[in-house]
Amino acid sequence: MQLAIKATGEGAEMLSFLLSKNPRNLYDRMDKGHRVRLTYTVFSDREVEAVIFVTPDPVELVKNSPDTYQITQYINDREFVVSSIFCSDIRSALGTALNGRPKEEYLNWAKHAFQLNMGFGPVATDLPDSAIKELFETLGYQIEIERGQAAYNFQLKERSSARFVNLKGTVTVQKALQHLFVLIPVLDNYRHYFIDEREIEKLERYGEGWLSEHPLRDLIIKRTLRFRELIDQVGAKFAQPDITKVNIATADTMNADMTKLNTTPEPTLESQPVVRLNELRYQKVVKIVENLPSRESIVDFGAGEGKLSVRLGFIPGVKEILAVEPTEKEQLRALKRFSEASYKDDFIAPIPIWGSLYYYDEQLRNKDVMILSEVIEHIDEGRLPRVMDTILGSYKPNVLIVSTPNVEYNTVYQMDEAVRHKDHRFEWTRAQFSKWTHNLARNYSYEVQLDGIGEEAEGYGHPSQIAIFTRQGGIENE
């Protein structure tokens, strides 16, 4: 993790006094087990550059974690990327400049707008480049985003999702740091500490004079405070009445939605709440299942938190739902969701099953319906034929429902990213999806019908595409 701040022009040497760090000494401290170092790489009358590095202790990062006994807790990017951890570690080192309180003889320089160049990274964010640019360009910065090349031994992606951000602008050192301390956690979308009312005070203090007018303030507030009860406390100073209607929670449409936040909502938006694409998928799948002549037994593959499985439990005629999910945390959330729904009338509680598409499970054979809702794009394309052979050749459901993103629609979202979510291994065009589904239907003696989910755009299709495979005959028309 690193941050470089360079001041050029008249008074550049004053940067060291504002940072309160002697250029002749290396600043080297331990903060909560993490090593923080600051040094000057350039120092002259008209050009000064300070670079601050943070080297976290990977063991300290996971101490007291609920996953202490799982090795997977060590497989993450927290040790390397700029995040709330980074901001917390450097706050002590840069506190004098961040609060605008240098020694009295330098107070006037605290109000001086320097020509600053700032570079930080790597950044791990689900936001597209266009949204990152809008976050900073609105504040008067020129921005450059650099990416590394992704050199994998297998086909995963062509370029790295990690980015380095370089900013250039004329701004006071204090204001520049306040921008970074607010927006770096927004980019990363993660907090390593408990969020409470103190986060509101911090947001108001660091966001004073710029946040209320920022076109992406709803996004900034939501990603900073995260919880509805805290967002509601912000008040009219920052929040807008329609903040809850911004569609930024659905994982695979996150990138697309961020690019839309630079426009002012239509006056009719309050009377027409946004329906998330994820919600439209659930509605579509439920409607298809309701129209099936046989739907007693259902397998929901990749059930996650169980949102779709719960809805399936209210469909008349359903007697068994197997919610298959490989992730323990998601299963625990699903169990809670199933328990809450069990108090309602006419609900068939789904049965959670730990399982994976890569392993055969005898109990999943010969079910009426099997569902893969936004699942296949998370599988390496090279492994997909084997997975589908297990499903259609061994499990042999009467009906298989498969949905996946339509990559052509990404143009409508004005996305800079190759795929909508960093975990997507691929996204197909309508032609690719059609060819794939018809080949499967032919090879495994199924019929297939194709449809779309979400608002259709001429020439680009629907945001998501869906296929209904049927072993014998078709399904009833909707």
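These legends accompany close-up views of a predicted model.

Here local features need pLDDT of at least 70, side-chain atom pairs count only at pLDDT 80 or more, and totals for chains, interfaces and linings use all residues. Residues are numbered from 1 along each chain as its sequence is written, and side-chain values use heavy atoms, with hydrogens and water left out.

**View 1. Strand β8 (residues 297-301) is largely enclosed by the rest of the structure, because five of its five residues are buried.** Buried means under 20% relative accessible area, exposed over 50% and partly exposed in between (1.4 Å probe, protein chains only). Look at both faces: S297, V299 and F301 are buried on one side, I298 and D300 on the other. Helices (H or I, at least four residues) and strands (E, at least two) are DSSP runs, numbered from the N terminus.

**View 2. Here β8 meets strands β9 and β11.** Two strands pair if DSSP finds at least two bridges between them. With β9 (residues 320-325), β8 forms five bridges in the parallel sense, and V299 sits opposite L322. Between β8 and β9 the chain passes through helix α13 (residues 307-312), making a right-handed β-α-β crossover: with the strands pointing away from the viewer, the path from the first strand over the helix to the second runs clockwise. Strand β11 (residues 369-373) also runs parallel to β8, joined by four bridges; there, F301 has L372 as its bridge partner.

**View 3. L61 lies in helix α2 (residues 58-62).** Is L61 buried or partly exposed? L61 is partly exposed, with a relative accessible area of 26%. Its contacts (heavy atoms within 4.5 Å) include H34, P56 and I85, not counting residues up to four places away in sequence. The C-alpha atoms of L61 and G33 are 8.7 Å apart, although 28 residues separate the two along the chain.
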